[in-house]
Amino acid sequence: MSSCADDFLEATPRTEASVESAFDTPERVEAQANGLYATIKSGAFLGGRYQVYNDVRAEEFINRLNNGVTGAWAYQHIIGGDDTYLTNFWITGYLAINRSNLFLEGLDANSSKIDPAKLLSYKGEAKFVRALTYFYLVQIYAKPYVLDNGASPGLPLRLKGETGPENNGLARSTVAQVYAQILKDLNEAEAELPANYSSGSLNTTRAHKNTAIALKTRVYLTMGNHAKVIEEGNKIVSATAPFTSPNRVAHALQPDIKTVFTNYTTTESILSMPMTNNSAPGTQNQLGYYYNGAPNGNREYYLNVNPTGITGIYTHPQFRDTDVRKTGLTATISGQRYVTKFSGVTPFVDWVPLIRYSEVLLNLAEAEATVGSETRALALLLAVHHRSDPTWVFVPASKAELIDAILTERRIELLAEGFRTNDIMRRGQAIPSIGAGALIPTTDSRYTFPIPTREFQTNPLI
């Protein structure tokens, strides 16, 4: 065919924004900000599968179906670099990082088009998402910071937006360098993010100042920098009980912990990945699908209730039979004990908690017990425990006993929320693996996940 003009063939599709016009309207900029969260909440990453892999590698759960698609290889510590789901952690994480980089560069290039307050807020969100993503990745693909103060190889630290393969080659920065960038991003994000939003839903699903502070308490705890945990924690935790946030969003424990897993937007939920029928994480990524029993779930993993050998938290004396977290958030189904925190039915749109206020209190308790006030540490521990088990009496005989009780409380409070293996590794301890039937020491190649084969194929400097 011939024509007197061909410019009509070059038109931008009406359903897409060109790179040149992506920042032309407030709606387009807002859509890009939302897209950052949409990337990390993928079921292949922080929408479910990441949390499952971290929990089932240790001692709390027993696999029922031996299905590689639902984490059996991670459970058994035989996962390889060519595993599709392990690769998806890396791909999705770096996709979120690249989108954050591109968004930041676009904001700088188009700053005159954007309201100054919104511009600052968007920058803070992009830096927060980048920091959060690097933190989740470095915990599973690199040795713990505490082993050698971060001298081990970490991750390729990509801080520029890429639109092609020209810069694929990038060597790994050290663990310390990755953590330094995470903290730089979080400190800048704290300054740039808004104090709060107009609704509980937005306060739970988008980063604000307290979100960045809360994450810093976890990052510093992972680095073993307890003094900084206390410094950051004091910004959002009152000096004495009842412990609440005195600044900005009024974070507080809910009277009944079961509420947190049915009403997703309380002030206890600092950051969650929201799910809807039209935006679910995908069947074999969903927390309810993995942990809950029929008819609500597929019963992939049940609780380890063995009283001998590698024991789980369920039989620990601190997790008493009167504890609401046991009576209300676990259940016996077909003769096995299951976690029922995520009790929705298909398509399993339970929101995925990433940061809860109870975790912040326990972060602060562990830091206080280690380098600060043991009195305050005990009060923080009791605030979390007594919420679900008010008659428990605990008088620690030593600092070591107090710290051990706080670490045990984390296992109870954060069960099935993706913390267990990372909590073991951040203290430089061996992983007690039910699936492997052995302790996995820090020197074992299975201790961290292997960097995906795909990265070696595309990055010659890895």
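**Aromatic pairs and burial**

Modeller: Trp392 is buried, at a relative accessible area of 9%; buried means under 20% relative accessible area, exposed over 50%, and partly exposed in between, with a 1.4 Å probe and protein chains only. This is a predicted model, in which local features need pLDDT of at least 70 and side-chain atom pairs count only at pLDDT 80 or more, while totals for chains, interfaces and linings use all residues. Residues are numbered from 1 along each chain as its sequence is written, and side-chain values use heavy atoms, with hydrogens and water left out.

Colleague: How many aromatic pairs does the structure hold?

Modeller: Rings of Phe, Tyr and Trp (its six-membered ring) pair if their centres lie within 6.5 Å; planes under 30 degrees apart count as stacked, over 60 as edge-to-face and the rest as tilted. By this criterion, the number of aromatic pairs in the structure is 23.

Colleague: Why is the pair of Phe23 and Phe103 classed as stacked?

Modeller: The ring centres of Phe23 and Phe103 are 6.1 Å apart. The pair is stacked because its planes meet at 15 degrees.

Colleague: Which residue forms a stacked aromatic pair with Trp392?

Modeller: The two rings are 5.1 Å apart, centre to centre, with 5 degrees between the planes.

Colleague: Are Phe23 and Phe103 buried or exposed?

Modeller: Phe103 falls into one class with Phe23. Both Phe23 and Phe103 are buried.
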